[in-house]
Amino acid sequence: MNQLIFDISVWLDDTAWSTAIHESYYLYNWIEATHVLTLMLSLGILFLIDMRMLGWALPNVSATRLAERLNTPMLVGFVVMFITGILLFYAVPVRSSQSLWFRIKMVLLVVCAVNAYLFHRRMTQSMSTWENAPRAPSELRKGALISLGFWTVIVLCGRFIAYDWYDCEYPQPDLVRALAGCIDGQTRF
Amino acid sequence: MNSATTRQTPIGPYPRAAIATGLLALLLAFSFSGMRSEVWTALLPFFEWMETTWFGYVGKTWGGAFATIQAGHLVSLGVLGGAVLFSDGRLLGLYSSLPLRDVIDGSHQVFKWALAVVVFTGVFMVCGVAVKVYYLPVFWYKMLTLSVGVLFAFYVRKPLVDRDLSDVSPLVIKLTAVASIMVWFTVAATGRWIGFS
Amino acid sequence: MVHRCCDGSLDRIQLIALLREYKLENMMSDTKKSEGESRRGLKDDEIAAMIVAGSIVVFFAVYWIFEIMSVRELLEMAYG
């Protein structure tokens, strides 16, 4: 699996556009800045919704109506983050694919997506009973707490990607090498 | 019935206008005279001291601690931006099915907490790289924009939106909302720019 | 012709009525004054918001235009 990921990353790295983004004067910085600034749209609104579910903010606003009305701008934000995230990966594919923090981030993104789907389903099934209550039912509160926690860790992992503490080009413990997908004898990083 | 709140203003309109004009003249004189570089030079010892504090020591010694605090800065910036976009979006007429007063008041509470965390984590980060950011023009742009944003949010926008908004001109409301979004976007963008410098 | 029952009592009743009328007039003018003050206060906040917000919008629009122009010049210098 790690070999497959490595081979695909090397192939991507060899494409002209990848090199163009990576070596461009400003483009990589602009893509990264867009990725980070869109946090305000996507994550900011998501956290507002989660805090409402937990009863920590906006207690007088109907929780389900808030979630419904803010769904679209939040999804627009996530689409922009997804696109810029793909471009950032595409610019530096080998290092990104072999970054421990990047892999943790991807796993947590999948977990958050599943959590969001389950949350949305439970919310639409039960909304008529509690929509104006200051706090959502306990199952939805758990989902909101999971969302808050995991998204914070995702941002943390995203920030840690830039650091080289667990990079494959340095000697690492076996566990780190296994999790990061380091290939013995690889010539590119 | 006019349900607008009445405020007692201790200073009359003419003295207020005179004070505002005086402050503006002072600000312009400061910006375009030698006073600015003198003040900047005088601040260097303070920034050198910041690097010797506990925050500065932790930030310089453990990159992981610095990165963790920076992630906290990003998350709280995200929440602040979300509160601004939500509240100002409502003022611009978006999400009209949500009650205006509750949205504005609720968002402001979130905004205050997020701003407090942003400032705290920002001070921590600056302590770690104080002398470096001292020489970065973009850092000073960010501080200026942040100051403008905070003053605008608490002393211009809040007194306006605390009123009964049906009494306020829609153009003024929308202009205020757009200005608020622009200021906080610029704060975030200049902050990101520091990272590239 | 007014029949005065008890000496001074009708004067007192008239005085009380006059005082009540005076108090009512004062209260109404106070309400009008505070409504007027609040409308002036509202106009002050509106003017302050318009001037400051307008300045912010104009300043940042000009700032970002110059930033984008300087980035374009830099890119033209770098890539030709």
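Analyst: Let's start with helix H3 of chain B, residues 54-61, where the buried residues are Phe55(B), Gly56(B) and Gly59(B). (Buried here means that 20 or more other C-beta atoms lie within 10 Å of a residue's own; exposed means 12 or fewer, partly exposed is anything in between, and the C-beta atoms are placed from the backbone. Helices are DSSP runs of H or I with at least four residues, strands are runs of E with at least two, and both are numbered from the N terminus.) Those three sit on the same side of H3(B), because they cover an arc of only 95° around the axis; the arc is taken over the directions from the helix axis to the C-beta atoms.

Before going on, a word on what you're looking at. This is a predicted model, so local features need pLDDT of at least 70 and side-chain atom pairs count only at pLDDT 80 or more, while totals for chains, interfaces and linings use all residues. Residues are numbered from 1 along each chain as its sequence is written, and chains are lettered from A and ligands numbered from 1 in the order in which they are written.

So what does the buried side of H3(B) pack against? Its partners are helix H2 (35-52), helix H4 (63-91), H5 and helix H6 (130-134) of chain B. Two of those partners are worth a visit.

Take H4 of chain B, which is where Gly82(B) sits. Gly82(B) counts as buried because 30 other C-beta atoms lie within 10 Å. Leaving out residues up to four places away in sequence, Gly82(B) touches Met40(A), Gly44(A), Ile45(A), Phe47(A) and Leu48(A). (Touching, or being in contact, means that the C-beta atoms of two residues, placed from the backbone, lie within 7 Å.) Gly82(B) and Ser107(B) are 25 residues apart in sequence, and their C-alpha atoms are 8.8 Å apart in space.

Now for H5 of chain B, residues 100-128, which holds Val103(B). Val103(B) is buried because it has 21 C-beta neighbours inside 10 Å. Again setting aside residues up to four places away, Val103(B) touches Val61(A) as well as Phe86(B), Ser87(B), Arg90(B) and Leu98(B). Ala65(B) is another story: 38 residues along the chain from Val103(B), with 35 Å between the two C-alpha atoms.

That brings us to the place where the chains meet. In all, 26 residues of chain A are in contact with 28 residues of chain B. On chain A's side, the elements giving two or more residues are helix H3 (27-37), helix H4 (39-54), helix H5 (63-91) and helix H8 (138-160). H4(A) gives the largest share, nine residues. By type, this side of chain A has 19 nonpolar, four polar and three charged residues. (Nonpolar covers Ala, Val, Leu, Ile, Met, Phe, Trp, Tyr, Cys and Pro; charged covers Asp, Glu, Lys and Arg; the others, Gly among them, are polar.)

Finally, a quick look at chain A as a whole: it has nine helices and zero strands. Its C-alpha trace spans about 60 × 35 × 25 Å along the principal axes, and buried residues make up 34% of its 189 residues.
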